[in-house]
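Hi,

Here is the structure I promised to pass along. Have a look at it first, and then read my notes below.

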Amino acid sequence: MCFVSLIDLFMWSQATESLTNTAVSLGADVNISCDRDIEEIYWYKQKSPDPPVLILRTYDSTYEGAHYENITFKHKYSVKTNSRLFIRNITTDELGVYYCVKTSEPLKFSNGTKIYITGENQTESNDAPQHETPWRNLTIITSALLNVLLIIALIGTCTAFTASMFRSH
């Protein structure tokens, strides 16, 4: 059981390194699709160098709607379907990487969608991936550090569980 969870952590690490880049104009509306075939998900935004922020959770039933982590998010974010996040009137505050995460165990992270600004006064080279390298490196380093912490916690939990099983027999 513990071994399967370690594999999931490594899969998440690789998924966070595969971003879909989406160029937007300030003031535009954006739809982000979750690449998970599920209805109950968490939507997170990560804006470097800050940690990921939970935006909202969707539920299996459309009757329940979405639960927003912060009421101010309700003015910017909504869900058109449970697997699509809608962002109104993009400003620089909404730039970053968006992830959807399956709510049930084991957690399954999406590959992520990076939202960045494009405009008429920017050249093609400003949006090229090579200019995103420092940000991307920070994302990879953060991902690796989080994975190490999760693995340590998982090993501790598995060790404690195994020890308690042997004590009870």
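**What turned up: aromatic rings and a disulfide**

With a relative accessible area of 22%, Tyr 42 is partly exposed. Please keep in mind that this is a predicted model.

Tyr 44 is also partly exposed, at 26% relative accessibility. Tyr 42 and Tyr 44 make an aromatic pair, with ring centres 6.4 Å apart and 50° between the planes.

A search of the whole structure gives three aromatic pairs. Another of them brings together Phe 73 and Tyr 77, edge-to-face, with 5.8 Å from centre to centre and 85° between the planes. Phe 73 and Tyr 77 are both buried. Ring pairs also bring in Tyr 98, so that Phe 73, Tyr 77 and Tyr 98 form a cluster.

Now for the cysteines. The search of the whole structure found one disulfide. The disulfide runs from Cys 34 to Cys 100, with 1.9 Å from S to S. The link is right-handed, with 80° about the S-S bond. Which parts of the chain does the pair link? Cys 34 sits in the loop between β2 (30-33) and β3 (41-46), while Cys 100 belongs to strand β8 (residues 96-102). These are distant parts of the chain, with the two cysteines 66 residues apart.

Are these two cysteines buried or exposed? Cys 34 has 10% relative accessibility and Cys 100 has 1%, so both fall under the 20% cut-off and count as buried.

Note on methods
Residues are numbered from 1 along each chain as its sequence is written. This is a predicted model: local features need pLDDT of at least 70, side-chain atom pairs count only at pLDDT 80 or more; totals for chains, interfaces and linings use all residues. Side-chain values use heavy atoms; hydrogens and water are left out. A disulfide is a pair of cysteine sulfur atoms within 2.5 Å. Helices (H or I, at least four residues) and strands (E, at least two) are DSSP runs, numbered from the N terminus. Buried means under 20% relative accessible area, exposed over 50%, partly exposed in between (1.4 Å probe, protein chains only). Rings of Phe, Tyr and Trp (its six-membered ring) pair if their centres lie within 6.5 Å; planes under 30 degrees apart count as stacked, over 60 as edge-to-face and the rest as tilted.
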